[in-house]
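I opened this entry to record what I looked up, going from helix packing to the cores and then to the backbone.

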Amino acid sequence: MNTVCVDAMGGDLTPDVVLSGIDLALGADRDLTVLVAGDASVVEPFCASRGRAVPLVTTEVIAMDEHPATAVRAKRDSSIVRGCRAVREGDAQAFFSAGSTGAVLAAATVTVGRVKGVSRPALAAVLPGLDGHQTVFCDLGANADCRPEMVVQFAQMGAVLAEVEAGAVHPTVALLSNGTEETKGSSQALAFHGALVEAADAGLVDFAGNCEGSDILLGPHDVIVSCGFAGNIALKAMEGTAKFMAARLKAAAASSPRSALGALLVKPAFSAIAADLSGDVHGGACLLGLKAPVLVGHGHTSPEAVMNGTLAALRTVREDLCGRIAASLRADA
């Protein structure tokens with residue numbers, strides 16, 4: 001089957017943006033069927049005129065500012081909860097939402113369920129690098145506090161994602177720290193390092209040692225792991241840098257006709273960089289460690305990002321991402 005459930009109510013913008021993205025995805029893959037979850041007034045008219053779009057009518061929406069776990073428990077007929085339930089019941093093989101990341105994580109963990117042996121699901125994204133190189137960065141905020149064995153699992157799961165989404169062969173893993181020396185880092189980072197060294201000795205990961213924040217985009221590593229606290233800060237810092245550069249470029253363009261011409265020439269390049277850093281090119285971030293693929297898009301999404309997220313969810317199904325992660329973790333048993 002090739003069915004992806006998409007949350008039509010997720011994101012900061014109107015459902016029309018999500019529906020436009022679903023349209024693009026349906027046009028890009030003729031074997032794709034989309035189960036569209038949302039309010040009847042939104043999903044039924046859309047699906048009625050499309051042969052491979054099926055409505056999943058829901059009556060509730062989880063807002064971005066709601067407490068994730070509380071909202072998931074209280075709003076069982078929300079598009080997020082019902083979408084995850086559709087995956088569990090086999091009506092879809094994957095789920096994509098640009099809604100609340102915390103709510104998607106909570107609903108997916110409880111409803112879709114974890115792969116046997118996974119301590120906690122982790123949030124991972126494929127980030128751009130130099131000369132076409134791509135790096136999987138994990139965890140991006142699903143787990144603020146981590147034990148060393150959890151970071152080892154992040155490394156194993158991230159390596160599988162690097163193979164599937166970035167084309168890596170024998171992926172190398174690095175640990176985010178404040179220096180490349182093995183003695184650098186907090187007591188927690190040193191514990192992570194020791195656990196990864198042991199995992200490498202056991203043949204579970206190809207651990208290359210510590211890396212610095214600049215290596216996330218500039219380094220040679222296929223996977224970079226950290227606790228979700230540091231990972232989320234690093235990701236937001238990169239996104240903020242991209243927005244700062246865009247704002248300065250816009251200000252410079254307004255300063256003179258000559259500057260405006262220069263800004264116009266470089267705008268496409270900056271737009272491409274911003275899209276890469278937002279995760280839109282790869283459809284957002286993937287929750288690793290679940291029994292079925294669940295992807296989370298950026299809240300301020302676009303039709304192209306929704307298309308890419310939907311197609312990425314389908315691609316992870318076809319590449320058996322979750323089965324390969326399960327097999328990787330069984331080797332650790």
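My notes on helix pairs, cores and backbone follow.

I note at the outset that this is a predicted model, in which local features need pLDDT of at least 70 and side-chain atom pairs count only at pLDDT 80 or more, while totals for chains, interfaces and linings use all residues. I number residues from 1 along each chain as its sequence is written, and side-chain values use heavy atoms, with hydrogens and water left out.

**Entry 1: α4 and α5**

I looked up how helix α4 (residues 79–88) packs on helix α5 (residues 101–111), and found an angle of about 30 degrees with the axes 9 Å apart. Helices here are DSSP runs of H or I of at least four residues, strands are runs of E of at least two, and both are numbered from the N terminus. The axes are lines fitted to C-alpha atoms, for helices over the stretch in contact, and the angles run from 0 to 180 degrees between N-to-C directions. The crossing of α4 over α5 is right-handed, a term used if the near helix is turned clockwise from the far one by less than a right angle.

The contact (heavy atoms within 4.5 Å) is made by I80, V81, C84, R85 and R88 of α4 with A103, V104, A107, A108 and T111 of α5. In α5 I found A103, V104, L105, A107, A108 and T111 buried, where buried means under 20% relative accessible area, exposed over 50% and partly exposed in between, with a 1.4 Å probe and protein chains only. Besides α4, the buried residues of α5 pack against α3 (68–74), β4 (94–97), β10 (285–288) and β11 (294–296). After α5 comes G113, which has a positive phi near 90 degrees.

**Entry 2: α6 and α7**

For α6 and helix α7 (residues 187–201) I read an angle of about 55 degrees and axes 8 Å apart, so the two are oblique to each other. Here too I record a right-handed crossing. P148, V151, V152 and A155 of α6 meet A191, F192, A195, L196 and A199 of α7.

**Entry 3: the cores**

Which residues touch the most other members of the largest nonpolar core? They are I22, V36, F154, V225 and L288, out of 63 residues; such a core is a set of buried Ala, Val, Leu, Ile, Met, Phe, Trp, Tyr and Cys residues joined through side-chain atoms within 4.5 Å. Helix α6 (residues 148–165) gives the largest share of this core, ten residues. Another core of 39 residues lies apart from it, with L35, I80, A92 and L235 among its members. Leaving out residues up to four places away in sequence, I list among the contacts of V36 the residues V6, I22, F46 and L56.

**Entry 4: the backbone**

Most residues other than glycine have a negative phi, and most peptide bonds are trans. I noted a cis peptide bond between C138 and D139, with omega about 10 degrees; D139 is in the loop between β6 (134–138) and α6. H170 has a positive phi near 50 degrees, sits in the loop between α6 and β7 (172–176), and counts as exposed at 66% relative accessibility. D320 has a positive phi near 55 degrees, lies in the loop between α11 (303–318) and α12 (321–330), and is partly exposed at 44%.

Definitions and conventions
Angles under 35 degrees count as roughly parallel, over 145 as roughly antiparallel, 65 to 115 as roughly perpendicular and the rest as oblique.
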